[in-house]
Protein chains: 2
Amino acid sequence: MKKESNPYKMERVTVVKVGGKVVETPELLQKLLFNFSRISGNKVLVHGGGRSATAIAKQLGIETQMVNGRRITDENMLDVVTMVYGGLVNKKIVAGLQALNSNAVGLTGADMDLIRAVKRPVKDIDYGFVGDIRDVSTRELELVLDQGVVPVVAPLTHDGKGQMLNTNADTIAAELAIALSRKYRVQLIYCFEKKGVLFNPDDEDAVIRELDYTSYESYQKSGVIVDGMIPKLDTGFSAIRNGVEMVYITNSDELGSNVGHGTKLII
Amino acid sequence: MKKESNPYKMERVTVVKVGGKVVETPELLQKLLFNFSRISGNKVLVHGGGRSATAIAKQLGIETQMVNGRRITDENMLDVVTMVYGGLVNKKIVAGLQALNSNAVGLTGADMDLIRAVKRPVKDIDYGFVGDIRDVSTRELELVLDQGVVPVVAPLTHDGKGQMLNTNADTIAAELAIALSRKYRVQLIYCFEKKGVLFNPDDEDAVIRELDYTSYESYQKSGVIVDGMIPKLDTGFSAIRNGVEMVYITNSDELGSNVGHGTKLII
């Protein structure tokens with residue numbers, strides 16, 4: 001392929017992960033999609049949808065159980081997340097992007113055999129139908145990207161034996177970014193509600209501009225970086241160590257304009 | 001394109017429409033997917049899911065209203081069908097086909113801008129968010145097909161302005177078949193629970209082998225062909241009049257083996 005024979009001219013792909021709060025608030029979603037649609041070149045949007053899943057589950061009389069920030073996914077909950085992530089949230093985003101002249105296609109890990117996973121082995125906790133990623137196959141995804149089509153990926157995978165599995169969206173974004181970096185220059189942007197990773201949790205403007213792994217570890221030890229930020233940064237550092245050119249953590253308002261305003265991970 | 005310059009060597013595409021009862025019964029679905037996966041050459045599966053939508057709606061406290069066999073789709077019901085058709089049913093089928101080594105991709109009309117529709121104008125009845133198809137754009141779908149990927153299409157469309165719409169699966173199957181017939185030799189197979197169109201409603205084996213439009217009209221007048229069979233046959237005759245090579249109505253058990261066992265529509 002031409003692209004592989006000339007690495008200095010590889011095309012760029014921007015992988016954006018956007019969390020539940022943004023995709024589940026119509027005005028925020030609209031703004032995000034507008035910003036996202038203005039990113040030039042190839043791009044992929046990976047979305048969450050946990051709040052909607054919890055709300056629909058509640059309406060269906062299904063209780064949501066979270067352990068370490070992860071959803072326990074029994075058979076009923078799997079149906080809920082398959083409906084909500086793969087259907088409701090995904091198609092709202094796809095239709096919204098079409099309205100902005102971004103030709104999007106909604107995918108889960110089962111579609112085009114994009115992401116295979118194994119059901120997480122039961123140790124202390126039985127997470128149920130939660131998938132740990134084993135293989136990302138981007139052959140068909142690349143063809144789609146090369147047509148200017150924008151993949152919109154829901155946080156679901158499959159096991160290749162007919163079973164859908166619930167998989168963390170941050171992890172999916174990082175693994176997709178790593179897999180795409182074999183052929184493209186990839187930047188990965190995690191969008192969330194803050195301006196970046198903060199060095200002072202009480203000051204929303206105290207953004208760490210560049211974060212290396214040693215500093216990350218010491219921020220963890222001192223309790224500055226905690227909770228849900230840790231798995232997000234772990235996947236981010238994994239991406240930068242495995243071929244992804246740039247990883248940013250930023251506010252979705254900054255998307256498409258100046259991503260430099262968030263936190264940049266450096267090795 | 002090579003294909004267009006040599007019409008005598010056009011590839012074949014088989015478009016199969018399968019109704020709710022089959023896709024919503026695990027054993028029947030498994031059998032259908034096995035038969036479908038054995039069809040050689042390019043293929044597209046269009047599915048329903050009305051029974052599941054009605055069941056989930058009921059669980060959510062949303063009442064289902066049908067008029068002339070069509071679902072009244074208010075905002076809440078649109079969310080339900082988007083979840084159930086685009087998420088739950090579609091992904092079960094996609095994961096099931098992957099397990100049979102058919103590399104499937106689940107799509108709605110919004111994905112890849114495949115099917116645009118307009119919200120049905122309110123005359124006697126306000127059907128709500130129901131879409132009448134205006135444009136089928138198969139450019140990206142053809143690229144997907146040419147890669148040996150199998151599109152699995154849910155009965156949803158969009159209006160190009162960000163609005164998803166509920167659209168009848170029989171109609172989607174026929175319109176997709178017509179659009180694909182510009183480039184491929186297309187056969188359209190409607191699968192349902194009977195062996196074909198019956199000339200005696202009390203005899204399950206009384207299958208009409210070949211049905212032309214004049215006979216169809218007289219069967220309607222005499223009350224032999226009634227109810228849901230009429231819109232199905234109308235879309236089938238529309239397909240055969242608009243470039244689709246063959247249209248069959250048959251039992252899903254016959255799929256992949258001998259479709260000649262059902263009813264063949266002829267002009």
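This is a predicted model: local features need pLDDT of at least 70, side-chain atom pairs count only at pLDDT 80 or more; totals for chains, interfaces and linings use all residues.
Let us begin with the symmetry of the pair. Two copies of a chain are related by a rotation about an axis and a shift along it. Here, chain B is superposed on chain A by a rotation of 180°, with 0.0 Å of shift along the axis and an RMSD of 0.0 Å. The two copies are thus related as by a two-fold rotation axis. Within chain B, B:G87 has the C-alpha nearest to this axis, at 1.9 Å. Both copies use the same surface, since 100% of the contact residues of chain B recur in chain A.

The contact draws 34 residues from chain B and 34 residues from chain A. On the chain B side, α5 (75–99), β5 (104–107), α6 (139–146) and β9 (156–158) each supply at least two residues. The greatest contribution to this side comes from α5(B), with 13 residues.

Turning to the fold of chain B, an open sheet of 8 strands runs in the order β5-β8-β2-β1-β11-β13-β14-β12, with mixed pairing. At its edges stand β5 and β12 (210–212) of chain B, each with a single partner strand, so one side of each has no neighbour in the sheet. From one strand to the next, the twist averages 20°. Strands β1 (residues 12–18) and β2 (residues 42–47) of chain B are paired in the parallel sense over 6 bridges; B:T14 has B:K43 in β2(B) as its bridge partner. Helix α7 (residues 169–180) of chain B packs on the sheet, where it touches β1, β2, β8 (150–153) and β11 (185–192) of chain B. The direction of α7 makes about 175° with that of β1(B).

How values were computed: Residues are numbered from 1 along each chain as its sequence is written. Chains are lettered from A and ligands numbered from 1 in the order in which they are written. Copies are superposed by least squares on the C-alpha atoms of residues with pLDDT of at least 70 in both. Two residues are in contact if their C-beta atoms, placed from the backbone, lie within 7 Å. Helices (H or I, at least four residues) and strands (E, at least two) are DSSP runs, numbered from the N terminus. Two strands pair if DSSP finds at least two bridges between them. Axes are lines fitted to C-alpha atoms, for helices over the stretch in contact, and angles run from 0 to 180 degrees between N-to-C directions.
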